[in-house]
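This report covers side-chain contacts. Please have the model open alongside the text.

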Amino acid sequence: LQLCREMAQRRLVLDTTTFNAAISACEKCGQWEKALQVLSVMTRNRVQPGTISFNAAMSTCRKSCRWENACYLFRVMAQRRVECNGITFNAAISACRELSTWEVAVQLVSLMSLSKLESNIITFSAAMSACEKSGKWEQALHIFGVMAENDVAL
């Protein structure tokens, strides 16, 4: 954030790439709060955070075990109509696993399919784990069946 302030003071361009690099640096240092601050600074500077910006911030939250924040960022992306990709969905489903919100995990798997995004072993494993943590073994078996129907490699 200090570097961003210095760049602004020197009238250097603060663009999406610059902010994404700052968020990635926060991720490497485990500074989830600072990553969220960078997202706020982006908006204040009229630079719209994109998919990469949000994915990096979600990853930072995930690595810091801030599952609620990762889910919050997913909702913000939807509200702002920022395009979600497989990485985005996998991060959100993984957060659901940790929060034991199996219903949301299953909904996200369905939404991912409706969005024509390709699911992978990470997607299905996280969703099945969310079900398992909540004692919903029937739902986990159903997801396993969907995974087999989609020819997802183990």
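Which side chains meet in a salt bridge at 3.0 Å, N to O? They are those of Glu98 and Arg97.

## Basis

This is a predicted model, in which local features need pLDDT of at least 70 and side-chain atom pairs count only at pLDDT 80 or more, while totals for chains, interfaces and linings use all residues. Residues are numbered from 1 along each chain as its sequence is written, and side-chain values use heavy atoms, with hydrogens and water left out.

## Salt bridges

The structure holds three salt bridges (a side-chain nitrogen of Lys or Arg within 4 Å of a carboxyl oxygen of Asp or Glu). Arg97, Glu98 and Lys133 are linked in a network of them. In the Lys133–Glu98 bridge, the closest N and O atoms are 3.9 Å apart. Lys133 lies in helix α8 (residues 121-133) and Glu98 in helix α6, so this pair ties together parts 35 residues apart in sequence. Helices are DSSP runs (H or I, at least four residues), numbered from the N terminus.

Lys63 pairs with Glu27, with 2.9 Å between the closest N and O atoms. Helix α4 (residues 51-63) holds Lys63 and helix α2 (residues 16-29) holds Glu27, so the bridge spans 36 residues in sequence. Glu27 is buried, at 16% relative accessibility (buried is under 20% relative accessible area, exposed over 50%, partly exposed in between; 1.4 Å probe, protein chains only). Lys133 is partly exposed at 43%.

## Aromatic pair

There is one aromatic pair (ring centres of Phe, Tyr or Trp, its six-membered ring, within 6.5 Å; planes under 30 degrees apart are stacked, over 60 edge-to-face, the rest tilted). The Phe74 and Phe89 ring centres are 5.3 Å apart with planes at 70 degrees, so the pair is edge-to-face. Phe74 is buried at 10%, and Phe89 is buried at 3%.

Conventions: Helices (H or I, at least four residues) and strands (E, at least two) are DSSP runs, numbered from the N terminus.
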